[in-house]
Amino acid sequence: MIETLGIKENFLGIEKEYSSLENSRVVIVPTPYERSVSYGIGAKRGPQAILKASHYVESYDEELEREVYQEVGIATLRPLDFGKKSDEKALQQIYKRVRALVDQGKFVVTLGGEHTISQASIAAHAEKYPDLSLLQLDAHSDLRDEYEGNKYSHASVMARVCEFFDPRKIVQVGIRAQCKEEASTIKEKGITTFYAHEIRRGKYTRLLKYWEDLVIEKLTDNVYVTFDVDAFDPSIMPATGTPEPNGLYWHETMNFFRKLGNRRKIVGFDAVELAPIEGLQHPDVTAAKLIYKILNYAM
């Protein structure tokens with residue numbers, strides 16, 4: 001039996017009427033997995049921090065004039081317990097949970113944890129939606145074949161995804177840190193990458209079109225989103241293991257997701273790499289509100 005969290009622990013602090021698994025279209029899967037972080041640590045505490053901070057996010061969205069949780073229901077599962085599992089065994093555990101929920105017609109939001117977890121959720125959605133495209137918002141390409149001897153490193157997650165998913169259907173946004181080999185992989189495999197410096201210089205600005213319009217044009221009708229919080233600029237998201245300057249800001253990111261929700265169908269997403277900083281609440285609240293905003297646009 002799959003256990004759900006109650007009002008004191010679940011996402012947004014939602015009463016049972018709108019947070020039971022049976023009555024909810026949306027399911028939050030907290031995935032506190034951390035094995036391969038390469039600088040700052042703490043990603044395994046990300047899901048709990050997001051759930052706690054979400055209790056301070058207003059359930060009413062003033063932009064869209066709705067309380068989406070009352071329309072669709074949002075269930076929060078008890079966090080996955082990995083014990084001593086790592087790498088393939090941990091990913092298999094995540095995959096089984098997400099795939100079962102997707103098969104039930106649920107809209108799944110996976111909360112990391114390190115970016116490695118996304119491989120399992122992407123695989124589950126790719127099997128459900130053959131025409132799926134993958135949108136990656138991230139500071140890093142994550143295309144190293146291995147990092148520090150580990151093929152399942154968070155720095156290699158997209159390299160693993162490319163082993164079962166057509167790289168030509170991957171669109172990356174906000175990239176601003178990569179090694180030479182990753183840059184070559186992007187060209188060789190036909191991955192579409194919108195680099196941060198190109199966005200900032202206006203490379204994609206056209207008459208009545210902006211970078212977000214061109215990104216959306218590269219995506220198929222059904223889209224899975226993997227959002228590494230280091231896609232945000234460190235000025236608004238310092239709580240992540242490998243922050244990089246020249247990142248995305250809140251308004252432009254929300255403007256992008258608003259357009260994406262209007263023009264494509266978001267079928268699922270994950271948010272990863274929040275590493276909470278003790279005594280600093282705003283990054284946790286930012287991550288929690290990001291998740292709720294994406295849900296509002298997706299629904």
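Mentor: Accessible areas come from the Shrake-Rupley method with a 1.4 Å probe, and for residues only the protein chains shown count as cover. The accessible surface of the protein is about 13200 Å², with 48% of it belonging to carbon and sulfur atoms. This is a predicted model, where local features need pLDDT of at least 70 and side-chain atom pairs pLDDT 80 or more, while totals for chains, interfaces and linings use all residues. Residues are numbered from 1 along each chain as its sequence is written, and side-chain values use heavy atoms, leaving out hydrogens and water.

Trainee: What makes up the secondary structure of the protein?
Mentor: There are 10 helices and eight strands, taken as DSSP runs numbered from the N terminus (helices: H or I, at least four residues; strands: E, at least two).

Trainee: Why does Gln119 count as buried?
Mentor: Buried means under 20% relative accessible area (exposed is over 50%, partly exposed in between; 1.4 Å probe, protein chains only). Gln119 has 15% relative accessibility, so Gln119 counts as buried. Gln119 sits in helix H4 (residues 118–128).

Trainee: Which residues is Gln119 in contact with, leaving aside its neighbours within four places in sequence?
Mentor: Contact means heavy atoms within 4.5 Å. The partners of Gln119 are Leu91, Tyr152, Val157, Arg160, Val161 and Phe164.
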